[in-house]
Amino acid sequence: MAEKMENETIKKLKEELLINRKNGYFQIPDEKVKEADRFCEDYKKFLNEGKTEREVVAYAVKAAEKAGFVPYDFNKQYKAGDKVYYNNRDKALILAVIGTEGCKNGVRIAASHIDSPRLDLKPHPLFEKDDIAWLKTHYYGGIKKYQWMATPLSLHGRVVLKDGTKVDVRLGEEDGEPQFCITDLLIHLAAEQMDKKMSKAIEGESMNILAGSRPVRADEGDNLVKLNIMKLIHEKYGMTEEDFVSSDFEFVPAHKATDIGFDHSMIGAYGHDDRVCAYPALMAALNVKNPKNTVITVLADREEIGSDGNTGLNSQFLHYFIADLAQSEGLRTRYVLRKSKCLSADVTAAYDPNYASVYESMNSTYLNNGVGMCKYTGARGKSGTSEASAEFVAEVRNIFEQNDVLWQIGELGKIDAGGGGTVAMFIANLDIDVLDVGVPVLSMHSPFEVVSKLDVYMTYKGIKAFYEAK
Ligand code: MN
Ligand code: MN
């Protein structure tokens with residue numbers, strides 16, 4: 001039995017050996033808090049302008065061009081400091097800044113996604129029932145359907161008319177514009193519904209949107225409300241009913257991003273997942289200084305449905321982009337990929353005391369504790385995920401420490417409570433080292449998600465430090 005320890009020695013040992021992580025506000029100076037607040041003012045504007053993947057791409061292209069980025073030319077040789085972007089079908093975007101050593105030591109990637117759960121229109125959406133015009137929707141991504149009832153929605157998207165004209169639509173965001181909604185069943189008649197399982201209480205097929213209720217004036221005839229609504233849509237957008245078949249129309253929550261709490265410390269908004277990582281990644285791309293290795297920022301589409309499709313990261317568009325860069329430097333793609341490193345920037349679940357039973361408190365990420373790392377995501381026995389190696393976690397952790405980036409590490413929730421994935425595994429499958437990092441979110445996937453301003457800023461600082469690491 002060892003000698004009894006002095007209190008001072010115990011204190012010292014605890015400091016040296018044990019994790020003693022405190023809430024970020026006890027670790028960083030006021031000046032940094034102000035910087036975070038300033039950063040988030042622009043983030044809120046970005047959220048309000050970019051409510052769909054197309055709108056985020058348009059925003060990012062504009063911001064990138066202003067910062068000196070030009071469209072990528074596959075046949076061109078680039079030199080250190082050159083800034084290029086590759087617009088993938090107006091739904092996904094790659095930004096690259098050529099490093100002083102190009103990509104011979106691999107590239108440094110931050111990949112986030114810019115699609116969010118929402119309600120898409122079906123190809124034949126418009127119908128009239130009981131003198132009301134409705135639009136049929138098909139939800140996209142993981143939603144709790146009840147959250148989308150009785151809440152104001154706006155219409156966003158693009159339609160390509162029969163003659164090929166592209167028309168961008170954004171309705172319900174400006175003062176005076178109409179908004180939309182799905183009706184909910186009044187509580188007085190909901191006795192049967194209230195006894196149903198939550199997953200059965202609302203059927204996907206009943207998520208029809210109120211589109212109008214005034215008919216064209218006529219002595220007789222049917223579908224006169226539908227006709228009037230189609231007439232109004234035609235006057236505004238030049239569309240006929242058939243043009244719906246060639247549209248990407250999305251209904252999203254109509255509310256604007258807003259501060260939350262008496263202290264303004266949080267932001268409530270639609271679409272934090274994953275624009276709260278996409279914005280820091282975009283800003284890191286625009287502000288990175290003299291990167292040694294070429295840095296690549298990916299704003300991907302289709303993550304919320306599994307990353308499948310040619311604008312999602314389960315396709316080859318990132319791979320091909322890196323291949324072209326490698327080729328332009330006379331390098332073999334596979335050697336570049338093998339040496340490349342990536343932060344998969346996606347949100348993580350913030351520990352929520354209201355639902356404490358699904359979290360494992362020792363291994364959760366918390367609001368205001370900084371950018372959250374996840375070594376792996378997935379479900380059950382770590383299936384459906386890649387896992388960052390000890391070596392790569394060590395590397396990122398050291399970069400964060402050296403650059404005063406507040407960080408934490410955790411899992412999504414309890415092992416058997418559920419699960420989720422990110423784009424990490426698709427990038428890891430290209431033979432690239434990947435670690436998930438991102439902002440902890442409350443009410444994830446709801447129409448109104450909440451994040452901490454401090455965590456948003458730390459995610460920006462973290463990605464930028466990763467890009468600038470020597
Ligand atoms: Mn996400
Ligand atoms: Mn998500």
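Reader: Which residue in strand 20 stands opposite methionine 373?
Author: Methionine 373 stands opposite a residue of strand 20, and strand 16 (residues 371-374) and strand 20 (residues 433-438) pair in the antiparallel sense over three bridges. Two strands count as paired if DSSP finds at least two bridges between them; strands (E, at least two residues) and helices (H or I, at least four) are DSSP runs, numbered from the N terminus. The residue opposite methionine 373 is valine 437.

Reader: From which number are residues counted along each chain?
Author: This is a predicted model, in which local features need pLDDT of at least 70, side-chain atom pairs count only at pLDDT 80 or more, and totals for chains, interfaces and linings use all residues; side-chain values use heavy atoms, with hydrogens and water left out. Chains are lettered from A and ligands numbered from 1 in the order in which they are written, and the residues of each chain, as its sequence is written, are numbered from 1.

Reader: Which are the edge strands of the sheet of nine strands?
Author: The nine strands form an open sheet with mixed pairing, in the order 1-2-3-13-4-14-20-16-18. The edge strands pair on one side only. They are strand 1 (70-71) and strand 18 (407-409).

Reader: At what angle does helix 8 run to strand 13?
Author: Helix 8 lies across strand 2, strand 3, strand 4 and strand 13. Angles run from 0 to 180 degrees between N-to-C directions, and axes are lines fitted to C-alpha atoms, for helices over the stretch in contact. Helix 8 runs to strand 13 at about 155°.

Reader: How many nonpolar, polar and charged residues are in the contact of helix 7 with helix 12?
Author: The two axes come within 8 Å and cross at roughly 40°. Among the residues that meet are Val276 and Met283 in helix 7, and Ile463 and Tyr467 in helix 12. By class (Ala, Val, Leu, Ile, Met, Phe, Trp, Tyr, Cys and Pro nonpolar; Asp, Glu, Lys and Arg charged; the others, Gly among them, polar), the contact has 11 nonpolar, two polar and two charged.

Reader: Why are helix 3 and helix 7 called roughly parallel?
Author: Angles under 35 degrees count as roughly parallel, over 145 as roughly antiparallel, 65 to 115 as roughly perpendicular and the rest as oblique. Helix 3 (residues 53-66) and helix 7 pack with their axes 11 Å apart. They are therefore roughly parallel, the angle being about 15°.

Reader: Which residue coordinates both manganese ions?
Author: Donors are N, O and S atoms within 2.8 Å of the metal (3.2 Å for Na, K and Ca), and sites may look incomplete because water is not among the atoms. The ions lie 3.3 Å apart, and the residue coordinating both is aspartate 273.

Reader: What is the omega of the cis peptide bond between aspartate 273 and aspartate 274?
Author: Most peptide bonds are trans. Aspartate 274 lies in helix 7. The bond that joins aspartate 273 to aspartate 274 is cis, with an omega of about 10°.

Notes:
Contact means heavy atoms within 4.5 Å.
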